[in-house]
Amino acid sequence: MNKSDFVKTIKEVGGYSEKKEAEKALDSVVASIHKVLKENESVELVGFGKFENALQKGKEGIIPGSNPKKKYKTEDKYVPKFKPGKSLKDEVAKIKVKKK
């Protein structure tokens, strides 16, 4: 589902009269989550999930196929992470798997 389709869903579910209102609501939520994560804090929506930053440790390795062997090293960094809540996990688990 792309953003336009999602905005239509928000309009229906949220009871918005215009698509622009639904799009503004979505943009506000996304911008707010973005702002909170930039401040290295988390957003927890009970039942839905938690948006937070996770520390990703730096790595060292060898670039495959390089001759002579070239090494690389990355630094530690924060990456955004989403952890779904229990009720969301339960609802998704109810989806039937289609057999081919």
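**Reading helix and sheet contacts**

Colleague: Which residues does Lys11 touch, not counting residues up to four places away in sequence?

Modeller: Contact means heavy atoms within 4.5 Å. With residues up to four places away in sequence left out, Lys11 touches Tyr16, Ser17, Glu18, Lys19 and Ala22. This is a predicted model, in which local features need pLDDT of at least 70 and side-chain atom pairs count only at pLDDT 80 or more, while totals for chains, interfaces and linings use all residues. Residues are numbered from 1 along each chain as its sequence is written, and side-chain values use heavy atoms, with hydrogens and water left out.

Colleague: Is Lys11 buried, partly exposed or exposed?

Modeller: Buried means under 20% relative accessible area, exposed over 50%, and partly exposed in between (1.4 Å probe, protein chains only). Lys11 has 29% relative accessibility and therefore counts as partly exposed.

Colleague: In which helix does Lys11 lie?

Modeller: Helices (H or I, at least four residues) and strands (E, at least two) are DSSP runs, numbered from the N terminus. Lys11 belongs to helix α1.

Colleague: At what angle do the axes of α1 and α2 cross?

Modeller: Axes are lines fitted to C-alpha atoms, for helices over the stretch in contact, and angles run from 0 to 180 degrees between N-to-C directions. The axes of α1 (residues 3–14) and α2 cross at roughly 105° and come within 8 Å. Angles under 35 degrees count as roughly parallel, over 145 as roughly antiparallel, 65 to 115 as roughly perpendicular and the rest as oblique, so α1 is roughly perpendicular to α2. Among the residues of α1 that meet α2 are Phe6, Val7 and Ile10; Leu26 is one of those in α2 that meet α1.

Colleague: Is Glu52 buried or exposed?

Modeller: Glu52, in strand β2 (residues 49–56), counts as buried because its relative accessibility is 18%. Beyond its neighbours within four places in sequence, Glu52 is in contact with Leu37, Ser42, Val79, Pro80 and Lys81.
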